[in-house]
Amino acid sequence: MSSMLGSTAPSGPIRLLAVPGYEGRVNDVIYHPPQTRSEEDSAVIYFGGDVQDYKENMEGHRDNKPYMKWSLDETSERLSKRFPTCHIVVVRPVRSTTPKLATFMDFVSAEMDHNRMEFKTFSCYDNFVPCNNCGAPEHTPTHYTLQHLERLLQCASARLRNMSISQLRSQAQKDAKPSTDSTTSTDVGSSSSSVCQNEVATLESKLVPDQKLEKDQEKIWWREGIQLDRAHLILIGFSKGCVVLNQIIYEFHYLKTLTPDDDTMSKIVSRIREMYWLDGGHSGGKNTWITSRSLLETLTRLSINIHVHVTPYQVNDDRRPWIRKEEKAFCDLLRRLNAPIERTFHFENQLPTLLTHFEVHNVFRPEGGCENASSSPPET
């Protein structure tokens with residue numbers, strides 16, 4: 001008992017597997033606690049790009065191994081350094097059915113049936129926006145993206161509140177393999193908001209008396225009353241992950257213009273304070289950036305601070321000239337609408353490379369949201 005009470009609470013990334021969201025959708029989530037306290041709760045929600053995955057999956061992939069420093073686990077730690085007073089939530093792309101190509105691609109394992117990363121390279125955020133096999137979006141007025149995000153945050157919060165110290169430490173091990181332990185997974189077929197309550201009851205019932213005492217006596221300040229869905233939200237998309245932010249713009253317009261009497265999602269919309277597009281791009285031949293005036297007018301009326309960070313990898317790619325044109329139209333129109341937007345072109349005089357594309361994580365400057373944001377020099 002003495003050794004248990006003297007255990008150290010985890011301070012690094014914590015993997016939460018198969019967190020339930022809207023209507024049976026599930027996502028793996030990597031949570032990183034804030035480093036310092038703040039008067040206001042803020043949470044960074046991050047959607048990564050192609051190649052990025054769990055560290056061990058990238059290590060076992062010939063083409064992705066050179067970019068292991070940008071694994072989802074490592075990225076959560078980098079974001080925590082840049083937003084030290086924020087909760088960090090990294091959302092891993094998933095799908096609800098086995099990829100069709102898995103039947104004849106021998107390097108797509110059977111255990112990845114709910115993880116939509118075609119060829120272990122292309123990230124597909126089907127739970128947030130309809131995608132093709134390469135992750136290119138097929139935007140729609142509503143995909144219940146905000147509902148999924150809200151429930152994902154609610155259920156992640158419930159799980160964090162009810163995990164024992166030993167469970168938290170186990171999930172915080174950086175080299176931990178994905179697990180099917182019933183304390184860290186849930187029934188993906190449930191479709192109501194009671195999923196979170198059921199999961200909490202399951203977690204509580206599995207705590208033996210010593211664990212309950214440990215839970216009571218070892219308070220972890222960052223999870224006391226944690227409710228990520230009620231925090232001020234900072235949404236960050238990197239590369240392919242920007243398709244989620246673009247779909248959210250569609251959903252803003254749907255909620256505010258097409259269904260103005262429906263205020264069920266008004267609370268989470270009001271909590272979104274910042275949106276970051278970090279070198280957005282995907283393999284589709286259009287719709288890399290939103291250029292519809294009506295959609296951007298709706299975004300402007302919400303007074304969300306908009307941050308655009310680009311590199312030559314996307315906007316100077318002559319093979320994909322539409323990205324440069326769409327990004328310019330996006331920024332120009334928002335400026336004409338007097339939206340609170342700032343744009344930064346990083347590595348402007350360098351050749352386009354995948355390395356500088358990833359380096360945008362190190363050079364973009366956090367604005368607002370989490371005070372005392374790190375001003376340390378870029379990591380190598």
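Buried means under 20% relative accessible area. I wrote that cut-off down before turning to any residue. The model I am reading is predicted.

**Entry: the whole chain**

I began with the protein chain as a whole. Its secondary structure comes to 13 helices and ten strands. The chain has 380 residues, and buried ones make up 56% of them. I then looked up contacts between residues at least 6 apart in sequence. Of these, 75% join residues at least 24 apart.

**Entry: Tyr22 and Tyr144**

Next I turned to aromatic rings. How many aromatic pairs does the structure hold? I found twelve. I looked at Tyr22 and Tyr144 among them. Their ring centres are 5.0 Å apart and their planes stand at 20 degrees, so this pair is stacked. The cut-off for stacked is planes under 30 degrees apart.

Where do the two residues lie in the chain? Tyr22 is in the loop between strand S1 (14-20) and strand S2 (26-32). Tyr144 is in the loop between strand S6 (122-123) and helix H4 (145-162). The pair therefore ties together parts that are 122 residues apart in sequence.

Is Tyr22 buried or exposed? Its relative accessible area is 14%, so Tyr22 is buried. Tyr144 has 36% relative accessibility, so Tyr144 counts as partly exposed.

**Entry: Trp289 and Phe330**

I checked another aromatic pair, Trp289 with Phe330. This one is tilted, with 5.2 Å from centre to centre and 50 degrees between the planes. Trp289 sits in the loop between strand S8 (272-278) and H10, while Phe330 belongs to helix H12 (residues 321-336). The two are 41 residues apart, and the pair links distant parts of the chain. Trp289 has 1% relative accessibility, so Trp289 counts as buried. Phe330 is at 0%, so Phe330 counts as buried.

Ring pairs link Tyr67, Trp70, Phe238 and Phe358. Then I looked for charges over rings. The charged end of Arg82 sits over the ring of Phe364, 5.1 Å from its centre. Arg320 lies over the face of Tyr313, at 5.8 Å from the ring centre.

**Entry: helix H3**

Arg82 took me to helix H3, which spans residues 72-82. How many of its eleven residues are buried? I counted nine, so to speak, off the list, and the helix is mostly covered.

**Entry: helix H8**

I moved on to helix H8 (residues 242-258), where Gln247 is found. Gln247 has 0% relative accessibility, so Gln247 counts as buried. What does Gln247 touch, leaving aside neighbours within four places in sequence? Its contacts include Phe128, Val129, His139 and Pro141. His143 and Thr145 are also among them.

Then I compared axes. Two packed helices are described by the angle between their axes and the distance between the axes. The axes of H8 and helix H10 (residues 293-301) come within 9 Å and cross at roughly 80 degrees. H8 is therefore roughly perpendicular to H10.

Which residues meet there? From H8 I listed Ile249, Tyr250, Phe252, His253, Lys256 and Thr257. From H10 I listed Ser294, Leu295, Thr298, Leu299 and Arg301. The residues of this contact divide into five nonpolar, four polar and two charged.

Key. Residues are numbered from 1 along each chain as its sequence is written. This is a predicted model: local features need pLDDT of at least 70, side-chain atom pairs count only at pLDDT 80 or more; totals for chains, interfaces and linings use all residues. Side-chain values use heavy atoms; hydrogens and water are left out. Buried means under 20% relative accessible area, exposed over 50%, partly exposed in between (1.4 Å probe, protein chains only). Helices (H or I, at least four residues) and strands (E, at least two) are DSSP runs, numbered from the N terminus. Contact means heavy atoms within 4.5 Å. Axes are lines fitted to C-alpha atoms, for helices over the stretch in contact, and angles run from 0 to 180 degrees between N-to-C directions. Angles under 35 degrees count as roughly parallel, over 145 as roughly antiparallel, 65 to 115 as roughly perpendicular and the rest as oblique. Ala, Val, Leu, Ile, Met, Phe, Trp, Tyr, Cys and Pro count as nonpolar, Asp, Glu, Lys and Arg as charged, and the others, Gly among them, as polar. Rings of Phe, Tyr and Trp (its six-membered ring) pair if their centres lie within 6.5 Å; planes under 30 degrees apart count as stacked, over 60 as edge-to-face and the rest as tilted. A charge sits over a ring if NZ of Lys or CZ of Arg is within 6 Å of the ring centre and within 35 degrees of the ring normal.
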